[in-house]
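Let's walk through this structure together, one region at a time. Have the sequence and the 3D view ready beside you.

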Amino acid sequence: MRNIPEQEAPLPQIVVTAPQMSSPLTVVTDPKAPRQPVPAQDGADYLKTIPGFTVIRKGGADGDPVLRGMAGSRLNITAGGQSVLGGCGSRMDPPTAYIFPAEYDSITVIKGPQTVLYGAGGSAGTVLFERGNYRGAPGTQFNVSQMFGGYGRRDTATDLRYNTGALYLQAGANHSLSGDYRDGGGAAVHSAYRRWSSRAALGLTPDADTLVELSVAKSDGRAAYADRGVDGARFVRRNIGLKFEKRNLSPLLEKIEAQVYRNDIDHVMDNYTMRARAGMYAAMNPARTTEGARAAATLRLSGATQLTAGADLQRNRHTSRMAMGMSAQAASAYRDMARAPDANFRNIGLFGELTRQIGPQPGKRVIAGLRSDFQHAEDTRPASQNAMLQGTLGAPLTRDETLHSGFLRFENDLKNLPMTVYAGLGRTQRFPDYWELISKEGTDSVSAFGLKPETTRQIDAGALYRAHRLTLTASVFYNRIDDYILIQSQVSKGARSGVTVSRNVDASSWGGELGATLALAPHWKLDGSLNYVQGNNLTDGTPLAQMPPLETRFGLRYDDGAWSAAGMLRSVMAQNRFDANKGNIAGQDLGASAGFTVFSINAGWRMHRPGNDILISAGIDNLTNKLYAEHLSRSGASLPGYDQTMRINEPGRMFWLKAQMEL
């Protein structure tokens, strides 16, 4: 069935610790590779295997990713070059909730404000979920994987690619479901979910340098939440996109690229679809439409200098509606109601990023970038909701900001050592997002629409060492954040208590990551990683909230090409630096947390021959059935039939078996 060049790599091995940096501040990993612990079928759970990432748990899926202690729009996330933004004002659906990692060919993480090519903000970093261009030799390729695990876990992923040389067709589908998992103490956690997606792309490749691709996708799901009084009953995403690429136009013009897309998010949360109802039936239906475009040109200004310059545009419209009553039918009446607009956003960005070799010999490089963003926001809620700020009855509040970002990085491949060292300076300005600007109150009004943009100045430095048997990577950073947007809950305002507000403070943070891989023998490999971050709220004189504790991972692997076995030890220290009821749009500090150590094992068998690759893997996560919770977990809600805990506990011992086949 398959006619693909035989030099293609076989199915990848199991990822048991974490991928190391492939170039300064950049990590590239394969989302199709089986992983331990087994992640949920969403983007956040895959990111947590990369040093520096943690995830704020809410249930079994749809957690919020955190990089170096920073969450929300401080972390730029794109899927196939497109922005995907959630709709829930309470952050039930972060962008990664709509991303199915098995649909992509690679995940690239750029840490820190060290690129300007992929959208505004991104002070913590940028994550690119990317698909390859399927131009190539004529033939057909089919991939399928099936995973079975504890707690009723079932994952299926299929991918079909057909290529004639001048045209290709790609189509795929994913389905994942799980029941409630149990923690290490045997208690059930309200965490069941079901997710599915389908996609198709048609590409024209009249020659090796030209590509035109039209793509469509649709996904949906439902997820139980252990941290609140409602669950996610719908996560619909509808997408259409068109992109164009042309390479090698002239000695000066290496490539031009353009892309347009539209994402429609339709999210429903209710208190009756996935749980026993307590009180009245209620349903809420926020929605967001994101339209975007991007165009860029890559210029070879000289043999030593390359410049990528272009512009991007993004427009967002957010609406909502809700209903409640004494029956599910009454609550479902929201479907017949008109949507009420509450916010519009628009941004036009101009960017340029230059790479220049220094000196006659390759090895020394300067990479620099500049970006300007022209932001526009409208608060379109009724005047009665913003009575303290609305100047004219019924007129929307509007604001415009022009923000500037840039970076400069030096890289040096040492002559006498297989090592690259680097140092970079970055400055980025971030406009407040929907969750900070619209869905929270201000400290002195019912609206936070007057929040100032954040300004982050950061230093990044590190080294990559690659010898025959040993690989070492190290990165450190320090930043100062002016007008950091802090989310603070349980605030008293007049006669009201328990209010959540957005406010500007000054802050700083520092930390870093270490990684190492050592080949002990021809088939044996030892690897490990360590990451740490610490932050300070300079305005309040307190620790900066929502900082994860020190974490280490160690793995030992045997792999002879056919058979493999591995063990992983993950150890997390206690966290005593916290600031209760303060944090970000994804969560606030709950208090100190205890440390823990978790041990997991796996084994696999791989067969690789022309036209037929098979990988069968199996493992046990949390082998000792440890009872523990992550520091950045959300607090457990009081739910009928479930034990309430201060933090949502992680899964206990889980067996899993996965089979992958490529034909």
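Before we look at partners across a sheet, a word on terms: two strands pair if DSSP finds at least two bridges between them. The strands themselves are DSSP runs (E, at least two residues), as helices are (H or I, at least four), and they are numbered from the N terminus. What you see is a predicted model, in which local features need pLDDT of at least 70 and side-chain atom pairs count only at pLDDT 80 or more, while totals for chains, interfaces and linings use all residues. Residues are numbered from 1 along each chain as its sequence is written, and side-chain values use heavy atoms, with hydrogens and water left out.

With that in hand, go to β32 (596–609). On one side, β30 and β32 pair in the antiparallel sense over ten bridges, and M568 stands opposite S600 in β32. β32 also pairs with strand β33 (residues 612–621), again antiparallel, over nine bridges; here M607 has I614 of β33 as its bridge partner.

Now move towards the start of the chain. Six strands form an open sheet there with mixed pairing, and reading across, the order is β1-β2-β7-β8-β5-β6. Its edges are β1 (21–23) and β6 (82–83), each of which pairs on one side only. β1 pairs with strand β2 (residues 26–29) in the antiparallel sense over two bridges, and S23 has T26 in β2 as a bridge partner.

Next, what about the empty space inside? Rolling a probe the size of a water molecule over the atoms shows where empty space is left. On a 1 Å grid over the protein atoms alone, a cavity is a set of points where a 1.4 Å probe fits but cannot get out; a pocket is an open set with protein on both sides within 12 Å along at least five of seven lines, and lining residues have an atom within 4 Å of a point. Grid points are joined across faces, edges and corners, and a volume is the space filled by probe spheres set on the points.

By this rule there are twelve cavities of 30 Å³ or more. The largest cavity holds about 660 Å³. Its lining has 46 residues, with D45, K48, R57, E650 and P651 nearest the centre. At least two lining residues come from each of β3 (53–56), β29 (551–559), β30 (563–572) and β32, and β3 gives the largest share, four residues. By type, the lining of the largest cavity has 20 nonpolar, 13 polar and 13 charged residues (Ala, Val, Leu, Ile, Met, Phe, Trp, Tyr, Cys and Pro count as nonpolar, Asp, Glu, Lys and Arg as charged, and the others, Gly among them, as polar).

The second largest cavity has a volume of about 130 Å³. Of its 15 lining residues, A188, V189, A226, D643 and T645 are the closest to its centre. Eight residues of this lining are nonpolar, five polar and two charged.

Turn to the open spaces, where the second largest pocket contains about 1,200 Å³. It is lined by 49 residues, and C88, G89, S90, S439 and K440 are the closest to its centre. Two or more lining residues come from each of β18 (305–320), β20 (340–357), β25 (470–493) and β26 (496–521).

Finally, consider charged pairs. A salt bridge is a side-chain nitrogen of Lys or Arg within 4 Å of a carboxyl oxygen of Asp or Glu, and by this rule the count is 52. One of them joins D159 and R199, whose closest N and O atoms are 3.1 Å apart. Because D159 lies in strand β10 (residues 153–163) and R199 in strand β12, the pair ties together parts that are 40 residues apart in sequence.
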